[in-house]
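Thanks for coming. I will go through the contact between the chains and then the DNA.

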2 protein chains.
Amino acid sequence: MRSKFRSTCPIATALDIIGDKWSLLILRDMLTSGKKTFKEFSESQEGIAPGILSARLKWLEENELITKQKLPHNQKENIYLLTEKGIELAPIIMELIIWSDKNLRVQNPEMPSISQIGDISNKSALIAGIQNNYRRLIQETLGINP
Amino acid sequence: MRSKFRSTCPIATALDIIGDKWSLLILRDMLTSGKKTFKEFSESQEGIAPGILSARLKWLEENELITKQKLPHNQKENIYLLTEKGIELAPIIMELIIWSDKNLRVQNPEMPSISQIGDISNKSALIAGIQNNYRRLIQETLGINP
DNA sequence: TAATTTTACTACTTAATCGATAGTAAAAAT
DNA sequence: ATTTTTACTATCGATTAAGTAGTAAAATTA
């Protein structure tokens with residue numbers, strides 16, 4: 001196949017991987033809510049259709065933003081976890097939240113206050129906290145497992 | 001009309017406005033290359049179709065990320081300029097560049113080095129510089145004009 | 001152990017959006 | 001006066017998304 005990238009621009013390249021309507025929301029659910037299963041993603045507020053969710057998870061796995069595996073004591077559930085490459089999307093997600101909070105509340109007034117996420121004045125500490133939190137979740141999910 | 005937003009999540013809300021395949025690339029061209037006209041956007045590396053460009057510019061204008069106007073001495077060219085709301089997207093664009101540079105170069109090796117953009121170790125200064133640069137461009141375009 | 005429920009999908013149909021190209025009208029340049 | 005430029009619109013086929021139903025295997029419950 002031809003290159004999947006439109007150009008050599010890093011912004012365009014990033015958008016070719018995560019610039020669709022759903023990918024960043026799935027990654028958001030993983031990073032900020034610890035969601036791990038198909039069912040959990042299906043239940044999120046925006047209502048993604050199963051076919052699209054399925055395609056997106058496959059795409060994200062192919063591009064190594066997430067992994068898919070089963071836990072030893074459950075052969076039914078697939079567990080989706082972020083890779084480091086995926087965890088490093090946290091700053092992008094955070095900047096989207098900040099911009100939205102400041103500029104789109106007029107259009108979407110039901111948006112929850114940004115203070116519920118954490119202390120924005122410490123941006124990099126907040127991002128690092130979310131990332132370390134997620135790394136701990138991975139350990140809990142995979143590490144201490146009979 | 002019903003709300004144009006899928007949910008009250010700030011991330012989803014941001015993506016409902018700028019989460020398509022092209023908007024951020026148009027905004028990139030404005031912010032980092034000073035592009036201002038339909039023709040200039042048409043000529044960019046990724047090759048956006050005129051119908052889509054037209055629709056996107058209309059959408060971005062409706063959502064007040066850009067303005068559209070004619071200069072007194074040229075009744076033909078439309079001049080598109082970022083609003084403050086649009087200029088404030090700079091941090092998101094910067095984080096996309098940083099993530100892409102670090103994580104997607106393996107897949108798209110032709111990507112230019114990030115050092116060409118500026119000194120990343122001074123992230124917020126770099127962003128502020130780009131933004132102030134753009135504000136100066138607006139002044140040059142509109143202010144000192146016979 | 002058998003029946004029910006849960007999970008992770010696939011399949012299908014319809015609707016919306018995208019993409020490529022051609023064409024047009026008005027302004028500007030020659 | 002003619003040509004070129006600019007900013008589009010129109011059209012049509014291709015791709016993607018949305019919504020719903022259905023299925024197979026695993027897990028749970030009776």
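Chain B and chain A bury about 4,300 Å² between them, and carbon and sulfur atoms give 67% of that area. Buried area here is the accessible area, with a 1.4 Å probe, that two parts lose on being put together, summed over both. On the chain B side, B:R6, B:I11 and B:W99 lose the most area to chain A, together 17% of what that side buries. The contact takes in 44 residues of chain B and 44 residues of chain A, where contact means heavy atoms within 4.5 Å.

Some ground rules. This is a predicted model, in which local features need pLDDT of at least 70 and side-chain atom pairs count only at pLDDT 80 or more, while totals for chains, interfaces and linings use all residues. Residues are numbered from 1 along each chain as its sequence is written, chains are lettered from A and ligands numbered from 1 in the order in which they are written, and side-chain values use heavy atoms, with hydrogens and water left out.

Now the helix pair. The axes of helix 6 (residues 90-103) of chain A and helix 6 (residues 90-103) of chain B come within 9 Å and cross at roughly 175 degrees. That makes the helix 6 of chain A roughly antiparallel to helix 6 of chain B, a label for angles over 145 degrees. A:P91, A:I92, A:E95, A:L96 and A:W99 meet B:P91, B:I92, B:E95, B:L96 and B:W99 there.

For DNA strand D, sugar and phosphate make up 68% of the atoms within 4 Å of the protein. A backbone N or O atom of A:Q75 sits 2.5 Å from a phosphate oxygen of DNA strand D. In the side chain of B:S54, an N or O atom is 2.7 Å from a phosphate oxygen of DNA strand D.

Definitions and conventions: A residue is near a molecule or strand if one of its heavy atoms lies within 4 Å of it. A polar contact is a pair of N or O atoms within 3.5 Å; within protein, one must be able to donate a hydrogen and the other to accept it, and residues adjacent in sequence count only if both atoms are side-chain atoms. Axes are lines fitted to C-alpha atoms, for helices over the stretch in contact, and angles run from 0 to 180 degrees between N-to-C directions. Helices (H or I, at least four residues) and strands (E, at least two) are DSSP runs, numbered from the N terminus. Angles under 35 degrees count as roughly parallel, over 145 as roughly antiparallel, 65 to 115 as roughly perpendicular and the rest as oblique.
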